[in-house]
Structure formats: structure tokens, C-alpha cells
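The sequence and structure come first.

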Amino acid sequence: MSHAQTGAEALIRQLEANNVEYIFGYSGGAAIPIFDAIQTTKTNIKLIQARHEQGAAHMADGYARASGKPGVILVTSGPGAGNIITGLMTAHMDSVPLIAITGQQIRPMLGLDAFQEADVFNLTMPVTKHNYLVTDVQAVPATVDEAFTIATSGRPGPVVIDLPKDVSSATFVAPKTSKARRIACANTPAVKQADAEALVDTLQTAKRPVIIAGHGVLLADAWQELREVSQRFDTPVVTTLLGKGAVDETSPLAYGMLGMHGTAYANNAVLKADAIISVGSRFDDRIIGDGVSFGKDALIVHIDIDRAEHGKMIRLDRAIHANAKDFLAAVLRRPGTAKHSNWRKQLNDYRRRMPLIYNDAAGLTQQHILEAIDSQTNSESIVTTDVGQHQMWAAQFCRVKHPHHWISSGGAGTMGFGLPSALGAQLAQPGKQVISIVGDGGFQMTEYELATAAVHQLPIKLFIMNNHYLGMVRQWQELFYENRLSGVDMEGNPDFVALAASYGIKAMQIDGAKDVESVVAKALRHPGPVVINCEVIKEDNVYPMIPAGRGYDSMLTSAPTTTLEKPVGST
Ligand SMILES: Cc1ncc(C[n+]2csc(CCOP(=O)(O)OP(=O)(O)O)c2C)c(N)n1
Ligand SMILES: [Mg+2]
């Protein structure tokens, strides 16, 4: 027999039915009934109370990226909901499934500028895949199910459920046979066998094929198929920033990240390729540089679940609307192999001639620390990053072996993402080592979540690459604005070791090149959370670099001797 329950209790039950383990939340007036239902339902779902709603949102995002399951956020109305906008945008840009539940004023007060009333439906519309304002308590269970379906199907993304307090408090009897409404968007497109056939043909006849693996490979759980296709057809793979982990980056067929700060050999592979096969990447401007010259002499095949991405950024020869896993599985069902020995030799020679390099002569480099982390962890840990120079160096020097082991804000480039996403990732993968690489600037945007790390004793290792600058912006000012530094000095940084210690977190410092290996080892050995303040060289630039909006033939592999023209047409 169904019994009477509140809308909030029904919500919690339906989250349980959707296998939710954690709610990342921050309470407030309009959300109290929902927080109360966490108690009254005696649910097994664990509440992780963040210190700021943005922190909660990025934790849920990190959880989702590390687990492959949607992350759940619970916040109050008005300012609470406002504080998750950046988190929603970050997830939306990177196609990460999230369910955000926002408390709302009671229905009779909507539109009256009531206390902490905000039009969350419209505020979140452009940064969500879908959103709901639930006005009928009977609709709560079905809305939750539908939200999960939408968040996880097709091209995943965040979904908001705005729940007025009188709806969450209302009592109702759920119909005994309330079946989840499963909707049309859950349908995935059928693979066209001719497309699979044509790709086999391309992989066999092309002289210089390259696969670009994007986030879609991981979202579709297609990494195993992708690895097999690459091996069977002897085809090099380059990854986007978010595609890292789609292939084992320590394997010979992996050539690292492509694009603005990609490896010289990955970019060269794309520049020289006669066939470019993109799987689950949207040809972001950081990838293509200049959309006209990108792959202009190559056959371009674009496999994407989202039709809207086809032809959006560049011309295509073949657009394939498919789920990456289904499509690559169909490719693998066909007979045939290929060998591209000359092409591989050409790329391997290039890799030998243009390796990633660094030099500690002018001071401790971030790359040295990143290489030590990569080597001491045997490339086995989960790495999350913040945004800036350290992020690009981490993408270059931390080789990712496994899917869901690389967590970084790509499309939105959200500073403040690194620490909270690491906490979410650690909760998702308690048995794995989680490393977070953050800048001194971005760390201070969400550093308050050290409290969450301390409370739950989440054993992340957080390396603050402390160059005392908003380094990436400083780099652009140096290269494109005649080194006129404006608004990039981080004077006033606190003592990060003392700060971490004040949260009860073990803190260490790396002062110079000689400390690197021993401090990294000590940090990795410590069982609990550790913050490592790394006093790195202040002024150093990330190379290779393709200036924004330029073609691959403009790649700089070292410092230019003159000021470059300002980027045009793209930031
Ligand atoms: C929320 C937000 N504000 C501003 C920016 C613009 N931005 C991009 S990189 C960067 C510098 C980051 O500095 P830091 O965190 O110290 O990292 P570093 O580049 O020095 O490694 C800034 C300000 C951003 N990406 N996100
Ligand atoms: Mg910095």
C-alpha cells in the first residue's frame, strides 16, 4: 500500500530509485523541507555539506566525471541557486550529467519579489540541458525520473528541478503503480551499417589517418572500442583536453593532446593527416584554431551524438550521427585491419625531435613537479585541475591511462573547479589516488572546500602551483600586449601552508628543484588530505602554443622573439 508522504520525501525516494549515493548541498529556508526529508526518510544517500554552493556544484561535477553517473546538487532558492550558475555552465559546456534541485519560494508568492525569490527557471535555461519548475506535488516522482533520463541520455548535461517550498511540503499519496515516464529523448540513433563500412574503408585506404578522441568517447563509455579500432587499424590517436584517458596515453599509438597547447607531435599529426576522424569532439575553437585551414587537405569524418555539432565549426566530408560506442562496435564487427608503418614512423620521428621539454635553470618549473607526480604514481591516479597554465602543463605532462581519470573544466574554463571536483572524484572512487593540480589564483576561488576535505578526511593531494600570478593571462599580456601586465599580480596571497594547517590539513612546501621528488613522495605516502604549496618560477610560458584563431602552421614551440599580433576573432 502506498502511504502519504511529502513532496520532499518522494523526491528523496526517487533519488534513491535512481541509485544516488551522494547529495552535494547547502541549505536555506526554501530547501529546509528537502533537507528534513533526508532525515525523515532515513535514506542511505549521504549528504555532503559544502561551504559554498559553487563548491557543491563542482563536487557533483567531479563525482559525475569520475563515476560516469549523474551528480546531484541540492541548494536553496535565490542566492543559493544563483551560486550554482557557474557550476551548471561548467557542466553544460562539458556535457556532464547533473541533477540540481533548487528550493523555491511558495507558489502563491512567485512573482511578488518575495524573500529569496529568483526566477531560477529562466536564470538557468541557457546553462542547462533542461529544467523544471514543479508546481504539482503529484508530478515529483515522474519529474525526477525524467530529469535523470534527460541528464544521462543522448548528449548528457545538467538538469534543474526547481521545487517550491509548498510543493516539497505538501502531502500526497503516490499512485501505487507510478511507472517512470521514459521519454523519446532517451532513444539513441541507429547505426547505419554503410557508415561503419565507409569508416573501415577510410582507415584502410588513408595513408595518414588520425583519430581525434573527445569527451564523447568517455561519456558514451566507448573507450574500449576506440582502443581496439586504433590498434586494429594501426591508427594514431590524439585527444582533446577532455578526451584524455580515452586511450592509454602511455601506449605507442597515443600522441597526446592536440590544439592550442597540444604536443607538437599531436598537432603535427593533424596538420599532416590525410584523414581526420573525430569521435565525440565538437571541434572547439581551442582544437581547430582557424576553422578554414583546419584539415583543409584531409578527409574529415565527424562522429557525434549531437547533430547540431555537425558542420558547426568546420566543413565536413562525412557527418555520422551516432552514439560512439554503438558506432565503433559496428566498425569492429566488420573484417579488416590496416598497417600505417610509414606514417607512424614519421610521427615517431617527430615525437623524438620535438618532445615536451622543460628546464629548471631559471627556477623550479611546474613541469618538473608534474613529471615527478606522473612518474611516482605510475600514471595511475585520477587528476583534476583548475584552469590556467598549470592546467595545460598538467595536460601535457600527466599521462592518463584510464577513462574517467582526467577531470578538468574544458569548454567553460572555470577557475575554482580543481579542488571541489577532486573531492567529488574521491567520493566516487574511494580506492583511487586523487591528485589535484591548481593555480594560486583559482585555488583561492574555492579554497574554503578544504573544510569539506578535512571533515570527510578525503585523502586528495592538492598541489598549488604558486607562481604568484594569474599566469595564463600574464602569458597572453607578455606575448600579445607588449608585456603590459594588468590585473594579474597575486600580491596578497596568504601563506598556503598555514592556511591548510588551519583547517587541520597536512601541508608541505616545495621550494626548489632539489625538493621535488622527496616532497612528492612524502605527500603521496601520507594517508589523509595533503596540500603542497609549490613555489614555482613566476614567469614562464606554456609551449607549444597555437595563438587563438590561427592555423596549425602558426604553432610556436618556444618563445617568439617579437610581440605577436593580437588574436583576432577569438579570445
Ligand atoms: C572564474 C574565472 N575567472 C577568470 C578566468 C580567466 N583566466 C583564465 S586562466 C587565468 C589565470 C589563472 O591563474 P592561476 O589560477 O594562478 O593559474 P596559472 O595560470 O597561474 O597557472 C584567468 C584569470 C577564468 N578562466 N575563470
Ligand atoms: Mg598562478
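What spacing do the donors of the magnesium ion (ligand 2) follow along the chain? The spacing is D-x26-N-x1-Y.

This is a predicted model, in which local features need pLDDT of at least 70, side-chain atom pairs count only at pLDDT 80 or more, and totals for chains, interfaces and linings use all residues. Residues are numbered from 1 along each chain as its sequence is written, chains are lettered from A and ligands numbered from 1 in the order in which they are written, and side-chain values use heavy atoms, with hydrogens and water left out.

The magnesium ion (ligand 2) is coordinated at 2.1 Å by Asp440 (OD), Asn467 (OD1) and Tyr469 (O). Donors are N, O and S atoms within 2.8 Å of the metal (3.2 Å for Na, K and Ca); water is not among the atoms, so sites may look incomplete. Both Asn467 and Tyr469 are buried.

Gln389 makes a side-chain polar contact with the side chain of Asn467 at 3.4 Å. A polar contact is a pair of N or O atoms within 3.5 Å; within protein, one must be able to donate a hydrogen and the other to accept it, and residues adjacent in sequence count only if both atoms are side-chain atoms.

Two residues are set out below by place and accessibility. Buried means under 20% relative accessible area, exposed over 50%, and partly exposed in between (1.4 Å probe, protein chains only).

| Residue | Place | Relative accessible area |
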